[in-house]
Number of protein chains: 2
Amino acid sequence: MQEHNLVLELHGESPSTPTGPGSNITILNAEEAFLPTLHSLHAAFPRLRIVLEHCTTAAAVAAVRACGPTVAATITAHHLVLTVDDWAADPFSFCKPVAKLPADRRALLSAVVGGESKFFYGSDSAPHPVGAKRGGEGGKGKTAAGCFTQAHGPGIVVGAVERAVEKGWVTESEVEKEKLAAFLSKNGRQFYGLPENAERGIVLEKKGEKIPESLKSADGSVEVVHFGRGEEVWSARWA
Amino acid sequence: MQEHNLVLELHGESPSTPTGPGSNITILNAEEAFLPTLHSLHAAFPRLRIVLEHCTTAAAVAAVRACGPTVAATITAHHLVLTVDDWAADPFSFCKPVAKLPADRRALLSAVVGGESKFFYGSDSAPHPVGAKRGGEGGKGKTAAGCFTQAHGPGIVVGAVERAVEKGWVTESEVEKEKLAAFLSKNGRQFYGLPENAERGIVLEKKGEKIPESLKSADGSVEVVHFGRGEEVWSARWA
């Protein structure tokens, strides 16, 4: 892949092995347990571009920062909003990697506002039908993992940053429009070697829009529940 | 309460405060965060009998051990089976306190087989209707917390110990019938000052019984899904 200039995109989690004697890997520390592998891949192939997709922990943010410029990470909208307390009782907020602790969320928010070129938006939006989120046929199976953020992702990101300022996790002076724009739409293109799209862009505006309950297919047979249903969100339009 | 010889039964968790600046209390460490309060209650009222109900962590087991004989703890059947990986995608395994890490489960199993008089069975069985486990009316609300183990609790406990031996978490020589019987039906009575029931008891037998899917009301209008549905379980009968 390095030789052919391909990009390695990783879902970076070590397999959970809670049944092994002495083993303690679960969905909570599976990402952190993978980071030594990320470092060894980068050391073996320093020119290989690697993206640690949908990273969720302070440890992952630090690990990606510690690598050279060929290693980047994406951050989703929902991981800027959630912690473990939010998804435990809500299947529509359950995703993999699972959202972690408040300190991890703060680290992700810092990476978003920091303007570093190696962090950029990746939605990982998952349009599972409502039934799959509620245990499949008969409702007694497993909850499908994933959050459906597609229609409102950038607005949710900006709303999360706004809330972080309100909560004091990020200071207002740290937040710059240019850096947020870089996170949402420039750093990724740059990493992938794509030209900037100077003609069109998304404009985000706060005008009281609320995320609807769900999206339905034309004949109503498929329903997908929006992440953040009922919450106010920044509106997005093409300009 | 101490003066009147009442028993203080605690659901021991500090409130989650993931939104506070710098705070990191979540459903994962809320029990451990409560333990200093347990210690201070015990120090202030050393003769007050306290039960730390449905304890879930190695830290709680150690804290209860470190207190005097007036402090005890109950352990549920489901916390001997589950870790965080099991309930994340299964509403019927989601309860509060949530099941924690493999090391915590091993600590609970050690307390069960240890025969110490301050640990005893408490089911915390919660017969939530299937709809409440799947988000209430319309299915988009929160998942009700609780596992329904009522009909098979002691069998699930013994099955969990059997599995712990198979996995090497507990050695076979540690498991004694008398100690398991004490955990299930003697230590609790003793702590509460109730006489032993010498006339009747539960006999547990392994004969291939499987836990059914659910329990329904006579008219079928209420359905409660069994914890461990479809799994083989030790059978219980009165003798």
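**Close-up views of a predicted two-chain model**

**View 1. Val7(B) and its surroundings.** Leaving aside neighbours within four places in sequence, Val7(B) is in contact (heavy atoms within 4.5 Å) with Met1(B), Arg49(B), Val51(B), Phe191(B) and Tyr192(B). This is a predicted model, in which local features need pLDDT of at least 70 and side-chain atom pairs count only at pLDDT 80 or more, while totals for chains, interfaces and linings use all residues. Residues are numbered from 1 along each chain as its sequence is written, chains are lettered from A and ligands numbered from 1 in the order in which they are written, and side-chain values use heavy atoms, with hydrogens and water left out. Val7(B) sits in strand S1 (residues 7-10) of chain B; strands (E, at least two residues) and helices (H or I, at least four) are DSSP runs numbered from the N terminus. Val7(B) counts as buried because its relative accessibility is 15%, the cut-off being under 20% relative accessible area (1.4 Å probe, protein chains only).

**View 2. Helices H1(B) and H2(B) side by side.** Here H1 (residues 30-44) and H2 (residues 58-66) of chain B pack with their axes 9 Å apart, at an angle of about 10°. H1(B) is therefore roughly parallel to H2(B), a term for angles under 35 degrees. From H1(B), Glu31(B), Glu32(B), Leu35(B), Leu38(B) and His39(B) meet Ala59(B), Ala60(B), Ala63(B), Val64(B) and Ala66(B) of H2(B). Sorted by type, the residues of this contact are 7 nonpolar, 1 polar and 2 charged; Ala, Val, Leu, Ile, Met, Phe, Trp, Tyr, Cys and Pro count as nonpolar, Asp, Glu, Lys and Arg as charged, and the others, Gly among them, as polar.

View 3. Look for Thr70(A) in the loop between helix H2 (58-66) and strand S3 (71-75) of chain A. With 17% relative accessibility, Thr70(A) counts as buried, and its contacts beyond four places in sequence include His42(A), Pro46(A) and Phe191(A). In S3(A), 5 of the 5 residues are buried, so the strand is largely enclosed by the rest of the structure. Val71(A), Ala73(A) and Ile75(A) point one way, and Ala72(A) and Thr74(A) the other. In a regular strand, side chains alternate between the two faces of the sheet. Strand S2 (residues 49-52) of chain A runs parallel to S3(A), joined by 3 bridges, and Leu52(A) stands opposite Ala73(A).

How values were computed
Axes are lines fitted to C-alpha atoms, for helices over the stretch in contact, and angles run from 0 to 180 degrees between N-to-C directions. Angles under 35 degrees count as roughly parallel, over 145 as roughly antiparallel, 65 to 115 as roughly perpendicular and the rest as oblique. Buried means under 20% relative accessible area, exposed over 50%, partly exposed in between (1.4 Å probe, protein chains only). Two strands pair if DSSP finds at least two bridges between them.
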